[in-house]
Structures are given as C-alpha cells and as structure tokens.
Amino acid sequence: MIFLSFMLWLAAVLVLSNATTWLVTSSTSGLLFRVAILPGVVVHELSHWTLCKLTGARVTELVLFEKKRGGRRPVYGGHVTHGPSRLPLFGDPMISFAPVGGCLAALFALTWAMGDPLGLVGGAAQERVDVLTDFHAVV
C-alpha cells in the first residue's frame, strides 16, 4: 500500500512538473523559465563535473545552458560529456547521482547563509510544531 501511494505521488509530481513547464514555456518566450531554472541547472551540471573530476573521468564538454529543439517544444538545460571513470563499478553511478548530493549541499548552504529570515525557529511557529509533535505522540 505504501509503494502504491508513493508511486501515485511520484506520478502526480511528474505530471504537474511537465504541465508547469509546458505552461510557462508556451505562455512566455521561455526567458522567465530559463532564468528561474538557471541556478538549479548550474548546480546540477557542476555536481556532475565535480564527481567526474573526483573519480578520474575525463570531461570533454561542460555546457551549463543550452536550448535544444526536441519534439514539439524546446528542451532547456545543460550537459556534461565525459569518458569512463577510473573507479570500476562505482564511478559512473556516483557521477550519475551527483546532483542529489550537490543540490542538497546547495540547499543546505543557502539555508545556513540565510539564517532564519521568516522567524521559524522559536516564537509562534515553534509552538505550532510543539503542538503537532505532542499530538502525534498521543496518537
């Protein structure tokens, strides 16, 4: 049951993501969309590049942003072209999954740098969290 619930949520996220992308790119020139995704694309591609360097894979091309025509609508993003990793078995999967760690590290750094701009630590927000925690402890 948990697996089915997870799969339904994943499908909903994918559908909403593609619908949002289509809506934004078709209703504007795409510039707004490209500006919005730029930080994520840069972190994503630099994560691949960093792991390529760490695992000894030779990088032949690093493109941080490009617009390709694919199917009915353009595809925005970048790519890293690289050779095989010097780490047998583990190098290529590490390079593939690098954006997970890179994006988490970027979000952590951004959160740390911003501190608590919304005042979520302490005060009324903390009291709401405490009430929810107490509620779940009773249930």
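What percentage of the 139 residues in the protein is buried? Buried residues, those under 20% relative accessible area with a 1.4 Å probe and protein chains only, make up 18%. The model is predicted, so local features need pLDDT of at least 70 and side-chain atom pairs count only at pLDDT 80 or more, while totals for chains, interfaces and linings use all residues. Residues are numbered from 1 along each chain as its sequence is written, and side-chain values use heavy atoms, without hydrogens and water.

The protein has four helices and two strands, taken as DSSP runs (H or I of at least four residues for helices, E of at least two for strands) and numbered from the N terminus. Their order from that end is α-α-β-β-α-α.

The largest nonpolar core has seven residues: L51, C52, A57, V59, V80, I95 and A98. Such a core is a set of buried Ala, Val, Leu, Ile, Met, Phe, Trp, Tyr and Cys residues joined through side-chain atoms within 4.5 Å. At least two of the core residues come from each of α2 (31-55) and α3 (91-114). Beyond its neighbours within four places in sequence, C52 is in contact (heavy atoms within 4.5 Å) with A57, V59, V80, H82 and I95.

In α3, the buried residues are G91, I95, A98, P99 and G102. After α3 comes G115, with a positive phi near 75 degrees.

Note on methods: Buried means under 20% relative accessible area, exposed over 50%, partly exposed in between (1.4 Å probe, protein chains only).
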